[in-house]
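Here's a quick tour of a model, taking in some helix packing and a pocket. Have a look at it first.

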Amino acid sequence: MTADVLSWVLLLAIAAYACGGGVDYGAGFWDLLAGGTERGRRPRWLIDHAMAPVWEVNNVWLIFVLVLMWTGFPEFFQTVFTALWLPLALAAVGMVLRGAGFALRKPTRKVAARRVFGAAFAVASLLTPFFLGTVIGSVASGRVAPGTTASADAWANTTSVIAGLLAVCATAVLGAVFLTADARRFGEAGLVRYFRLRARIAVAALVTVGAVGLAVTADDASYVHHGLTHGWGLLLVLLSVAAGAVTVLLVGGPALGWARYSAVAAVALAVAAWGVAQRPYLVPTSLTVREAAGASATLQWMLIVSVVALVLIGPAVTVLYRLDTRGALEPLTDEDVAR
C-alpha cells in the first residue's frame with residue numbers, strides 16, 4: 001500500500017515538473033524561434049521579464065523526483081539510469097547551459113557574446129525537454145527492463161522520439177499561453193497577438209503529434225497503448241484534449257488569464273493518463289511498483305517525508321507564482337532604488 005501511494009506521489013511530482021518547468025522551457029522555445037536581433041527584440045524582452053523572477057525554481061520538483069526514485073524505488077532508479085544514462089546526461093547538460101545562457105546574456109554588453117549566450121539558452125530549452133521526453137518514451141515502450149544495458153535502441157526509437165516531440169510541443173503550448181497572459185499584463189497588445197497565434201499553433205501541433213503517438217504505440221508500446229485507449233486512461237486523454245480545446249478558446253477571449261489553468265490541466269492530465277496506462281507497472285511489463293519498491297521501513301519514512309515536502313513546497317511555489325503573475329516580483333529599476 002505504501003509503495004502504491006508513493007508511486008502516485010512520484011507521478012504527481014513528474015506532472016508538477018512537466019507543467020512548471022514546461023512553462024520556462026516553452027519560453028526558451030519561443031526565444032529560439034523569435035528571429036533575428038531586431039525582429040526578436042520585443043518577444044525576447046517579454047521572455048526575459050516574464051522568466052526573471054521565477055526561472056529554475058521548478059527544478060525543485062526534479063530533485064524531488066530523483067530523491068523519491070532512488071530512495072523509494074531503487075531498482076527502478078538503477079534500471080532507468082543504467083539503460084538511459086546518455087539522454088539523461090544530455091538533458092542535464094542542457095539544464096546547465098540553459099541556466100548559464102539565460103543568466104549571462106542579459107548583463108553582457110557585447111552583442112556577439114549576448115548572441116552566444118542567447119543561443120545556448122534557447123537551444124538548450126529545446127533539447128532538454130526532448131531528451132527527458134525520450135526517457136519517458138523508453139520507459140513506456142518497455143525497452144528498459146531490469147538488467148538492460150545502455151544502447152541507442154533504448155531511447156533512439158519511434159516511441160521515444162514521439163514522446164520527446166510531445167514534451168517539446170507541451171512546453172511550447174505552456175510557454176506561449178503564459179507569455180500571452182504576461183503580454184497583456186504589460187499592456188503589449190502586439191505581443192498578445194503574437195503569442196496568441198503561437199499558442200494556437202502549438203496546441204494544434206500537440207494534438208497532431210499526440211494522435212501520431214497513439215498510432216505508433218499500438219505496435220511499439222502495446223501495453224501503454226491499451227491503457228491509453230481504454231478505461232481511466234482514455235478518460236484522462238479525452239479530458240486533456242478537452243482542456244486543450246478550452247485553452248484555444250480562452251486564449252483569444254477576455255478570460256485570457258484562465259487559459260493558463262486550462263493549459264496546465266491539459267499537460268497534467270496527459271501525464272496522469274500515461275501513469276494510469278502503465279499501472280501496475282513502473283516499466284511495462286517487466287517491473288511492477290511493488291517489485292521495484294525498497295524496504296518497508298524506508299518506504300514508510302519516505303511517505304512521511306514526501307507528505308511534509310509537498311505541504312511545504314506546494315504552497316510556497318503557488319504563492320511565488322501568484323506574486324509573479326500579479327507583477328509583485330518585477331525587478332527594481334535604478335529609479336526605484338534611488339527613491
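Predicted model: local features only at pLDDT ≥ 70, side-chain atom pairs only at ≥ 80, totals over all residues.

Residues are numbered from 1 along each chain as its sequence is written, and side-chain values use heavy atoms, with hydrogens and water left out.

Start with α2 (residues 41–51) and α9 (residues 189–220), which pack at about 90° with axes 11 Å apart. That makes the two roughly perpendicular (the label for angles of 65 to 115 degrees). On the α2 side, R42, P43, W45 and L46 meet L191, Y194 and F195 of α9, where contact means heavy atoms within 4.5 Å. Sorted by class, this contact has 6 nonpolar, no polar and 1 charged residues.

Next, α6 (residues 111–141): its 31 residues reach 45 Å from first C-alpha to last, close to the 45 Å expected at 1.5 Å a residue. G142 follows α6 with a positive phi, near 75°.

Now the second largest pocket, with about 760 Å³ of space. Its lining counts 29 residues, and G20, V23, F178, V264 and Y321 lie nearest its centre. Helices α1, α2, α8, α12 and α14 each supply at least two lining residues.

| Lining class | Residues |
|---|---|
| Nonpolar | 18 residues |
| Polar | 6 residues |

Conventions:
Axes fitted to C-alpha atoms, helices over the stretch in contact; angles between N-to-C directions. Helix = DSSP H or I, 4+ residues; strand = E, 2+ residues; numbered from the N terminus. Parallel < 35°, antiparallel > 145°, perpendicular 65-115°, else oblique. Nonpolar A, V, L, I, M, F, W, Y, C, P; charged D, E, K, R; others polar. Expected span 1.5 Å × (residues − 1). 1 Å grid on protein atoms, 1.4 Å probe; cavity = no way out; pocket = protein on both sides within 12 Å on 5 of 7 lines; lining within 4 Å. Points joined across faces, edges and corners; volume = space filled by probe spheres on them.
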